[in-house]
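Thanks for coming, everyone. Let me put the structure up, and then we will walk through a few parts of it.

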Amino acid sequence: MAALPAALFAQWPSYPTPGVPRTPDGKPNLSAPAPKTPDGKPDLSGIWENFRAPAPAAAAKGESTATNADFFAGLKTNDDFLALAKRSPFWNIGSSFKDGLPFQPWAAELHRQRVADNSKDNPDAHCLPMGFMQFHYHGQPRKMIQTPQVIVILYEANAGVRQIFTDGRPLPGKDADPWWYGYSTGHWEGDTLVVESAGFRDLGWLDVEGSPLSDAAKITERYRRPDFGHLEIEVTIDDPKAYTKPWTVAVHQRIMVDTELIEFVCQEDEKDAPHLTAK
């Protein structure tokens, strides 16, 4: 249920999002041009949901309208959901790699232990920040607010908040206190927002399984909004402490209109912790 879109549980009265290009039948025109800021940069503002990009043949035919609700509609049991989830990058960020992630030996052993323990120590299971890679792939939406000096991302899941500073400041030095989401700065290369992040807490979790992220990591994200309805994010993990070489994954998100985020307070009435086991 946590992966279903916010529109199913919206609390605000119905209110149309202003400025949305629409087709003659009133539906959002996802292929319309991306909006621009006054300085001519793509405006990444909006509420975005994670979705599975169509296969190339389907994309060529324009078959990219399935929603998260459609995706989960065919699941009938918890086992169906779990089997599907385990094939997703949210569960296993290396799921698209033929030979798996290029772990350093110690990181491979840590990952094996975390999987064997049924991911019981995943911070998200304890209402702690899950890290922005899990947020990228999470089924609950995120709201991006773009200003000239900073881009703020509000994650519905676990009420996460992230800041990407675009005011020209450098990343902090090595003595900065490590943060759950690290420190992020961004700059524009044409129509692509390039974000560099560092200063992470050691032994973070990149996915549900527990692929590790060390305090030596640098993450580079490249955000592109090719049209009104879609956001493409290319993410490169460069963590020589945990991996033998840098590696890259793709994130595909789609705009959500006429809706809002809902409040999510993970710790409220939380009773799971005493029951978390490795079995």
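Start with Ile 145, which stands opposite Val 152 in β3. This is a predicted model, where local features need pLDDT of at least 70, side-chain atom pairs count only at pLDDT 80 or more, and totals for chains, interfaces and linings use all residues. Residues are numbered from 1 along each chain as its sequence is written, and side-chain values use heavy atoms, with hydrogens and water left out.

Back to the strands. Strand β2 covers residues 142-146 and β3 covers residues 150-155; they pair antiparallel over five bridges. Pairing takes at least two DSSP bridges between two strands. Strands are DSSP runs of E, at least two residues; helices are runs of H or I, at least four; both are numbered from the N terminus. β2 and β3 make a hairpin, with three residues between them.

Next, β4, residues 160-165. Six bridges join β4 to β3, again antiparallel. Ile 153 has Arg 162 in β4 as its bridge partner. Four residues sit between the strands of this hairpin, and Asn 158 takes a positive phi near 60° there.

Now helix α4. Which of its residues are buried? Ala 107, Leu 110, His 111 and Arg 114. Buried means under 20% relative accessible area, with a 1.4 Å probe and protein chains only. Just after α4, Asn 118 takes a positive phi of about 60°.

Note on methods. Buried < 20%, exposed > 50% of the residue type's maximum accessible area, 1.4 Å probe, protein only.
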